Amino acid sequence: MLGLKNTENLTGALISGDYWDLDELCTALHRLTGKESRYLDWQGARMRLLSIMHDLRNAYQGNSNVESVGNGLKKDTMKNHDFIASQNNIYFSTEILWPELIFTLVAINDFINLHKKYEQATDLEIHIVNARKFQALIAEGLKENMSEESYTFIMQQVLSSNANAEEYAIQYIDLLNISYIDMSRDRRIQSFESIVHNIVVQSKDYSSFKNKILTETNKTKSTIHDFRMNIEYPEYIEW
């Protein structure tokens with residue numbers, strides 16, 4: 001079963017599941033994001049989801065965390081059915097930074113709506129259902145780190161058209177990721193709701209940042225998705 005839980009230092013969340021759980025999620029995100037040239041105004045958001053998929057695929061290929069988890073099979077059951085099998089399943093997992101997950105929660109909504117519009121899909125399509133399950137896990141993780149009032153407000157925004165990833169300045173997520181990594185655990189707790197608000201509601205801080213990016217892209221006649229900032233992530237993150 002797909003799972004999500006806060007890392008020890010609240011740096012991010014641990015996404016876990018067996019091979020099929022993670023492969024199912026990657027397949028869902030791949031189908032929803034579509035071909036590279038399809039949703040031009042969402043190319044930045046698409047790249048972020050592709051990055052999430054890359055991390056998940058690395059995980060279920062055994063390149064990250066691997067653990068043995070009890071599967072509920074009892075000795076009496078094996079005896080009654082006359083077979084022998086392992087009483088544990090192999091689970092794979094990977095850590096993902098919280099700012100990245102918060103943006104993912106918003107971006108998935110956009111791609112579901114685009115998929116429904118252009119593929120005549122319904123809410124019962126399996127890929128939409130699987131993506132919604134991932135969103136629900138992210139939402140539950142947020143709930144653990146926020147006040148009830150703030151969480152309710154953010155969920156209302158996520159489920160409305162106010163929150164979207166169209167023409168999003170994804171470089172802002174990189175800045176938040178780096179800033180968040182550098183914080184102490186206590187500072188992360190204090191800043192968490194503000195970070196969620198900045199991403200979901202697209203605060204003045206975000207709007208100011210986006211305008212600066214647009215000013216730079218206008219000079220080179222490039223798109224907001226193609227603009228690159230000189231940002232380097234640390235080799236080691238204390239999760």
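These legends accompany close-up views of a predicted model.

**View 1. The largest pocket and its lining.**
About 320 Å³ of space lies in this pocket. Its lining counts 15 residues. Nearest the centre of the pocket lie D55, L97, E100, Y233 and I237. Three elements each give at least two lining residues: helix α2 (43–63), strand β4 (88–97) and helix α7 (171–182). The largest share belongs to α2, with four residues. By class, seven residues of the lining are nonpolar, six are charged and two are polar. Rolling a probe the size of a water molecule over the atoms shows where empty space is left.

**View 2. The second largest pocket.**
Here the space comes to about 180 Å³. Which residues line this second largest pocket? They are M47, R48, I170, Q171, D174, F227, R228, M229, I231 and Y233. Both α2 and α7 supply at least two of the lining residues. Six residues of the lining are nonpolar, three are charged and one is polar. Y233 lines this pocket, and Y233 also lies among the residues nearest the centre of the largest pocket.

**View 3. Helix α2 and what covers it.**
The buried residues of α2 are Q43, G44, A45, R46, R48, L49, I52, M53, L56, A59 and Y60. What lies over these buried residues? The cover includes β2 (12–17), α1 (19–33), β4, α4 and α7. An α-helix has 3.6 residues a turn, so residues three or four places apart point the same way. R48 is buried in α2, and R48 is also one of the residues lining the second largest pocket. The helix α2 gives four residues to the lining of the largest pocket as well.

**View 4. The largest nonpolar core.**
This core holds 63 residues. Those with the most contacts inside the core are I15, W98, L101, F103 and L142. Helix α4 gives the most to this core, with 11 residues. In soluble globular proteins, nonpolar side chains tend to be buried together. Take F103 as an example. Beyond four places in sequence, F103 touches A45, R48, A165, Y168, I170, I173 and I199. Of these partners, A45 and R48 are buried residues of α2.

**View 5. H115 in helix α4.**
H115 belongs to α4, which covers residues 98–119. Is H115 buried or exposed? H115 counts as buried because its relative accessibility is 3%, and the cut-off for buried is under 20%. Leaving out neighbours within four places in sequence, H115 is in contact with R31, L32, Y39, Q120, A121, E125 and I128.

**View 6. H127 in helix α5.**
H127 sits in α5, residues 126–145. With a relative accessibility of 13%, H127 counts as buried. Its contacts beyond four places in sequence are T27, A28, R31 and L32. With R31 there is also a polar contact: the side chains of H127 and R31 are joined at 3.3 Å.

**View 7. E95 in strand β4.**
E95 is part of strand β4. In sequence, E95 and L14 are 81 residues apart. In space, their C-alpha atoms are 4.4 Å apart. Beyond four places in sequence, E95 touches T7, A13, L14, S64, N65 and W239. What joins the side chains of E95 and N65? A polar contact of 3.2 Å joins them.

**View 8. Two residues with positive phi.**
Neither E167 nor K221 is a glycine, yet phi is positive in both. For E167, phi is near 50°. E167 lies in the loop between α6 (148–158) and α7. With a relative accessible area of 28%, E167 is partly exposed. For K221, phi is near 60°. K221 is placed in the segment after α9 (204–220). At 75% relative accessibility, K221 counts as exposed.

Technical notes
Residues numbered from 1 in each chain as written. Predicted model: local features only at pLDDT ≥ 70, side-chain atom pairs only at ≥ 80, totals over all residues. Heavy atoms only, no water. 1 Å grid on protein atoms, 1.4 Å probe; cavity = no way out; pocket = protein on both sides within 12 Å on 5 of 7 lines; lining within 4 Å. Points joined across faces, edges and corners; volume = space filled by probe spheres on them. Nonpolar A, V, L, I, M, F, W, Y, C, P; charged D, E, K, R; others polar. Buried < 20%, exposed > 50% of the residue type's maximum accessible area, 1.4 Å probe, protein only. Contact = heavy atoms within 4.5 Å. Polar contact = N/O pair within 3.5 Å; in protein donor to acceptor, adjacent residues only side chain to side chain. Core = buried A, V, L, I, M, F, W, Y, C linked by side-chain atoms within 4.5 Å.
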